[in-house]
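Welcome to this guided tour! Open your viewer, get ready to select residues, and follow along stop by stop.

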Amino acid sequence: MKSAWWKDEGDLVAEQVAILDIPPEKSILIKGPPGSGKTNLLLLRANYLALGDHPNLQVVVFGSLLKSFIRIGGVQYKFPADRVTTHARLFDGILRENGVGIDTKSMDLEAAREARAKGVEALIKSGKIGKLFDALLLDEAQDYTVREIKIFAHVATILVAAADEFQKVFNGEDCLPALESAIEIKHPLAYHFRNGRDICRIADEILKGYPDHVPLLKNSQYDEKAYPVKISIKDGLSIEQQAEAIAAQVQDQLVAYPEETIGIICPRNEEVAAIAKALSHLGLDDSITICKEAEFNPEAPVWLSTMSAAKGLEFRCVHIAGLDHLSKMGGVQKRLAYTAVTRAKTALSFYYENSIPAYLAGALNVVSPSTKAITRSRIFGKE
């Protein structure tokens with residue numbers, strides 16, 4: 001996972017370095033595709049502000065998994081770990097400081113977010129809070145609500161955000177117009193470096209039909225010679241058999257990439273739990289970690305996560321399992337699939353038992369077309 005973070009300025013291209021040259025008092029929106037370095041640049045920008053006249057800041061993320069990932073980079077850049085937080089903890093802290101308690105334990109995620117935001121909004125309207133922070137730096141900003149964006153803009157003098165609308169994995173109103181109105185400089189990134197070209201082809205096909213999507217393949221800077229890409233598709237497997245197939249590949253990948261992290265991503269927590277249980281029975285307990293706050297071990301080489309929790313992360317190898325359940329993810333399923341696929345650098349494997357959504361079948365056919373002859377017997381379902 002250390003390879004996810006740049007070592008010095010020489011690792012950056014011109015459009016990335018340019019962000020570090022923007023005056024510190026400016027609010028910025030960094031937009032770019034997966035693998036363009038948005039999260040890395042956000043952390044470097046945070047360090048730039050913290051080392052100068054703006055130390056009262058927080059890097060704000062959605063969940064504990066991405067928080068842990070960014071803290072790994074923070075160690076390398078000597079950025080304080082306590083200045084990376086989740087938006088829930090940030091809002092809870094503001095509420096507690098002002099004597100407001102909100103019990104969110106019985107609420108679902110959406111209701112809890114709304115309750116926290118309304119609580120902080122009430123403090124703002126009553127005039128009790130103003131610019132609490134020198135700066136707030138928001139990762140995966142496309143998934144905040146309009147209300148949350150307005151709160152961030154109110155409580156911070158400087159707002160820096162990284163976003164990609166095609167990785168929006170929560171339903172709700174588009175917050176990017178509100179975000180753009182709160183910043184001074186929009187800085188687009190064109191080039192990306194993470195995803196091998198066949199991975200780009202799959203991702204591009206998933207979002208085919210969206211005119212605003214710039215094909216990843218067009219601007220890929222991936223080093224295909226150093227790390228040849230491998231795509232594999234395994235169907236007809238129960239969830240236990242999927243775990244067995246994953247375990248067989250993971251054993252080899254841990255040897256091939258000893259300094260890298262491997263991701264196992266599923267649509268829902270149910271599939272994560274089933275895969276984790278099966279892998280434990282296969283003797284991989286010492287290598288895996290489930291990406292939940294109470295259990296998460298960032299030193300483990302194999303991370304298990306839901307698709308939504310994996311956004312912002314990257315892995316040398318990715319296994320996407322339990323794909324029969326992807327169609328149950330509602331209107332965000334294409335963006336979830338796109339996000340999951342683009343977590344992979346070099347090796348990408350897909351697993352399911354009976355069927356996957358038609359758009360995903362079409363995307364996989366781009367890199368792995370069927371070679372089986374289409375006979376009359378097959379058309380009538382007799383083979």
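**Stop one: a helix and its cover**

Select A112, R113, A115, R116, A117, G119, V120, L123 and I124: these are the buried residues of helix 5, where buried means under 20% relative accessible area with a 1.4 Å probe, protein chains only. Helices here are DSSP runs of H or I with at least four residues, strands are runs of E with at least two, and both are numbered from the N terminus.

This is a predicted model, in which local features need pLDDT of at least 70, side-chain atom pairs count only at pLDDT 80 or more, and totals for chains, interfaces and linings use all residues. Residues are numbered from 1 along each chain as its sequence is written, and side-chain values use heavy atoms, leaving out hydrogens and water.

Now show helix 4 (87-97) and helix 6 (146-155), which are among what covers those buried residues of helix 5.

**Stop two: strand 1 and its partners**

Select strand 1 (residues 28-31) and strand 5 (residues 156-163), which run parallel and are joined by four bridges. Two strands pair if DSSP finds at least two bridges between them. Look for I30, opposite A162 in strand 5. Strand 1 also runs parallel to strand 6 (residues 185-188), again with four bridges, and K31 faces P188 there.

Next, find the open sheet of six strands, ordered 7-12-11-8-10-9 with parallel pairing. Strand 7 (230-234) and strand 9 (288-290) are at the edges with a single partner strand each, so one side of each has no neighbour in the sheet. Finish inside this sheet at H319, whose bridge partner in strand 12 is S349.

Notes
Buried means under 20% relative accessible area, exposed over 50%, partly exposed in between (1.4 Å probe, protein chains only). Contact means heavy atoms within 4.5 Å.
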